[in-house]
Amino acid sequence: MKQYFENPLAERYASEEMLANFSPYKKFTTWRRLWIALAEAERELGLPITQEQIDEMKAHVDDINFEDAERFEKITRHDVMAHIWAFGKQCPKAKPIIHLGATSAFVGDNTDIILMRDGLNILKRKLVNVIDNLKRFALKYKDMPTLGFTHFQPAQLTTVGKRACLWIQDLVMDLWDLEYAEQSLRLRGAKGTTGTQASFMKLFENNEEKVRMLDRLISQKMGFDSTFPVTGQTYPRKQDSRVLRVLQSIAESAHKFACDIRLLASLKEIEEPFEETQIGSSAMAYKRNPMRCERMTALCRYVIVNGLNPYLTAANQWFERTLDDSANRRLVIPEMFLAVDAILNIYMNVSKGLVVYPKVIEKHVMEELPFIATENILMEVVKRGGDRQELHEALRMYSIEASAEVKEGNPNTLIDKIAGDARFRMTKEEIIEMMDPSIFIGRSPGQVLEFIKEVVDPILTKYERYLGAAADLKV
């Protein structure tokens with residue numbers, strides 16, 4: 001019996017991969033790898049640490065004795081010291097040199113940065129696959145005319161594929177931001193209790209070059225190009241803001257897509273995938289609710305709002321550090337990554353299985369096309385010698401009359417009204433010839449091809465190794 005609260009992000013939404021990235025196992029094995037990197041670097045720079053001690057630590061990097069750590073934390077009320085003791089229990093020869101010269105932030109902060117780096121890579125792979133799915137969709141429907149909407153009112157035509165490029169472009173901007181965040185990530189390194197490296201200066205007898213080299217060696221061993229040149233006890237919390245802002249941005253893009261699909265589903269033009277055994281409503285058997293896009297919207301809203309936290313945390317760091325960041329960051333950082341992971345899982349699923357109803361789209365186009373065509377009709381009539389101002393007023397009045405009739409459930413008679421007015425000098429057949437929807441889509445097909453060739457394809461070529469992933473939704 002499940003008697004206690006379970007986080008839905010873990011139970012229902014996020015992938016096993018992202019859950020593993022923020023798991024206690026990944027966290028604490030990373031702590032141990034950092035302690036090994038520290039010991040190795042200190043040994044390489046001349047401290048009396050033996051290879052035997054390092055080998056002993058490496059032998060136990062993955063088999064964490066969690067029960068010992070939990071028991072020690074009850075005694076110490078300090079998670080880092082508890083894990084130092086637990087590691088030392090497994091490594092009696094290395095025990096005297098574990099965490100030598102370091103402060104808690106050495107493992108805590110550096111691990112957070114590593115987990116964010118790895119989390120960004122997971123999201124990047126999924127983001128690229130969504131872009132690939134939408135690219136295929138855009139190419140398939142690049143020529144299909146559809147109503148454009150401004151203010152959710154019918155406007156000039158676009159194409160289904162051109163609209164998809166708007167979704168892709170948002171994601172491309174997110175990818176650029178993600179790449180920048182990845183490239184800008186710096187490790188905290190080995191900075192000591194207030195960032196002065198005083199403990200390491202003591203260990204290396206005031207040899208500044210060795211202390212500087214220690215920082216660089218640890219960074220390289222953990223897969224980073226550089227560390228922050230200056231820190232307090234913690235790395236600047238603005239780094240969290242910069243990373244999590246990317247996650248907010250992905251949520252913004254996904255929210256817009258999900259809302260668009262929900263609106264299109266209401267119009268019966270485009271729907272998300274709907275499985276054969278899926279139930280839309282417990283009462284209304286006919287319902288095909290866009291539940292995946294609705295879930296996307298809900299999770300996106302959570303991420304966008306939760307993204308305010310890192311800004312407030314960074315703004316409230318006093319001097320070299322304050323601990324009011326700790327509980328907040330333990331929640332916010334992993335939960336935002338888990339939520340965006342869930343969002344992209346749904347986005348991958350929906351974008352790969354979008355269902356298009358061409359006849360419904362065409363019907364809506366043809367219902368509105370007489371209104372949309374009035375500008376072209378006006379231009380043609382003026383070329384035939386008509387009075388632009390007089391005919392513009394006539395078109396305005398006829399459009400108002402026809403629109404009122406349509407709203408009463410009657411057919412659109414605008415073409416008949418125009419053809420029956422001798423001032424327009426056009427037959428009904430001539431007007432109908434001007435009603436081909438492809439005339440009204442502008443450069444939409446060409447824009448799709450150019451955008452994909454110039455922007456999208458270079459991205460997909462760069463990340464070709466990531467393509468082909470599929471999302472398995474838990475619910």
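**Reading helix packing and aromatic pairs in a predicted model**

Mentor: The end C-alpha atoms of residues 369–452 lie 29 Å apart, and this span is 65% helix and 0% strand. Helices (H or I, at least four residues) and strands (E, at least two) are DSSP runs, numbered from the N terminus. The model is predicted, so local features need pLDDT of at least 70 and side-chain atom pairs count only at pLDDT 80 or more, while totals for chains, interfaces and linings use all residues. Residues are numbered from 1 along each chain as its sequence is written, and side-chain values use heavy atoms, with hydrogens and water left out.

Trainee: Which feature does UniProt place at residues 369–452?

Mentor: The unreviewed UniProt entry gives "domain: Adenylosuccinate lyase C-terminal" there. UniProt annotations may be inferred rather than shown by experiment.

Trainee: At what angle do helix 3 and helix 6 pack?

Mentor: Axes are lines fitted to C-alpha atoms over the stretch in contact, and angles run from 0 to 180 degrees between N-to-C directions. Angles under 35 degrees count as roughly parallel, over 145 as roughly antiparallel, 65 to 115 as roughly perpendicular and the rest as oblique. Here helix 3 (residues 24–44) and helix 6 (residues 79–90) pack at about 70 degrees, their axes 11 Å apart. Helix 3 is therefore roughly perpendicular to helix 6.

Trainee: Which residues make the contact between helix 3 and helix 6?

Mentor: Contact means heavy atoms within 4.5 Å. Helix 3 contributes F28, W31, R32 and W35, and helix 6 contributes D79, V80, H83, I84, A86, F87 and Q90.

Trainee: How many aromatic pairs does the structure hold?

Mentor: Rings of Phe, Tyr and Trp (its six-membered ring) pair if their centres lie within 6.5 Å; planes under 30 degrees apart count as stacked, over 60 as edge-to-face and the rest as tilted. The structure holds 12 such pairs. One of them joins F28 and F66, whose ring centres are 6.0 Å apart with planes at 65 degrees, so this pair is edge-to-face. F28 in helix 3 and F66 in helix 5 (residues 66–76) are 38 residues apart, and their pair links distant parts of the chain.

Trainee: Is F28 buried or exposed?

Mentor: Buried means under 20% relative accessible area, exposed over 50%, and partly exposed in between (1.4 Å probe, protein chains only). F28, at 12% relative accessibility, counts as buried, whereas F66, at 29%, counts as partly exposed.

Trainee: Which residues form an aromatic cluster with F28?

Mentor: W31, W35, F66 and F87 form one aromatic cluster with F28.
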